Amino acid sequence: SMDLFKRRYAKMSKIIEMLRKHEGVETHAYKCTADKTTIGVGRNIDPNGGIGLSNDEIDYLLANDVERVDAELFQVFSWYDDLDDPRKDAIMDMCFNMGLPRLMQFKKALGAMSAKNYDSAAVEFLDSRWAKQVGQRAISITDIIRSGES
């Protein structure tokens with residue numbers, strides 16, 4: 001967890017500082033001088049021979065993304081905070097999938113969510129290009145919106 005990370009980081013602060021200076025710090029993937037896809041501080045994530053990400057690293061990134069999406073939805077939709085957890089998860093899943101700008105285009109469905117008319121919201125979400133694109137995912141999400149059960 002975070003405490004373990006902070007303890008490990010404190011022990012390594014000198015080498016971390018040195019590597020950040022010498023390797024550089026990149027927030028986005030880039031091609032290094034050896035033409036390998038790289039991210040962060042010299043992390044080779046290239047599909048050809050890179051070490052990629054561990055499951056712990058993937059979960060760390062995902063937890064940060066879930067917190068960010070949850071905060072965005074809380075800020076944008078006054079009704080979001082009143083949802084039960086399964087319906088929050090359903091809306092977060094959609095937002096994660098399509099992004100907030102595209103989610104916000106679902107005016108009728110979001111209006112129905114606001115009015116707690118979950119059957120109508122599910123119908124509106126399903127009647128979309130998004131639902132056709134993602135198939136079973138849309139059915140699973142709208143089942144949760146309808147029932148409040150995951």
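In the predicted model, a nonpolar patch on the surface is formed by Met12, Ile15, Met18, Leu19, Val25 and Val41, whose accessible area together amounts to about 470 Å². One of these residues, Val25, lies in the loop that connects α2 (13–23) with β1 (26–31). Val25 is classed as partly exposed because its relative accessibility is 41%, a value that falls between the limits of 20% for buried and 50% for exposed residues.

Lys31 has Thr37 in β2 as its bridge partner.

Thr37 belongs to strand β2, which spans residues 37–40. The relative accessible area of Thr37 is 18%, so this residue is assigned to the buried class, for which the value must be under 20%. When neighbours within four places in sequence are set aside, the contacts of Thr37 comprise Ala29, Tyr30, Lys31, Arg43, Asn44, Ile45 and Asp46.

The loop between β1 and β2 contains Asp35. The phi angle of Asp35 is near 65°, a positive value in a residue other than glycine. Asp35 is counted as exposed because its relative accessibility reaches 52%, the threshold for this class being over 50%.

A positive phi is also found at Lys116, where the angle is about 60° although the residue is not a glycine. Lys116 is located in the loop that separates α6 (107–114) from α7 (118–126). With a relative accessibility of 52%, Lys116 is therefore classed as exposed. Asp35 and Lys116 are thus each described by a loop position, a positive phi and a relative accessibility of 52%.

How values were computed: Residues numbered from 1 in each chain as written. Predicted model: local features only at pLDDT ≥ 70, side-chain atom pairs only at ≥ 80, totals over all residues. Heavy atoms only, no water. Patch = residues over 30% accessible without salt bridge, like charges linked within 9 Å, V, L, I, M, F, W, Y side chains within 5 Å. Areas by Shrake-Rupley, 256 points an atom, 1.4 Å probe, with all protein chains shown as cover. Salt bridge = Lys/Arg side-chain N within 4 Å of Asp/Glu carboxyl O. Helix = DSSP H or I, 4+ residues; strand = E, 2+ residues; numbered from the N terminus. Buried < 20%, exposed > 50% of the residue type's maximum accessible area, 1.4 Å probe, protein only. Contact = heavy atoms within 4.5 Å. Pairing = 2+ DSSP bridges.
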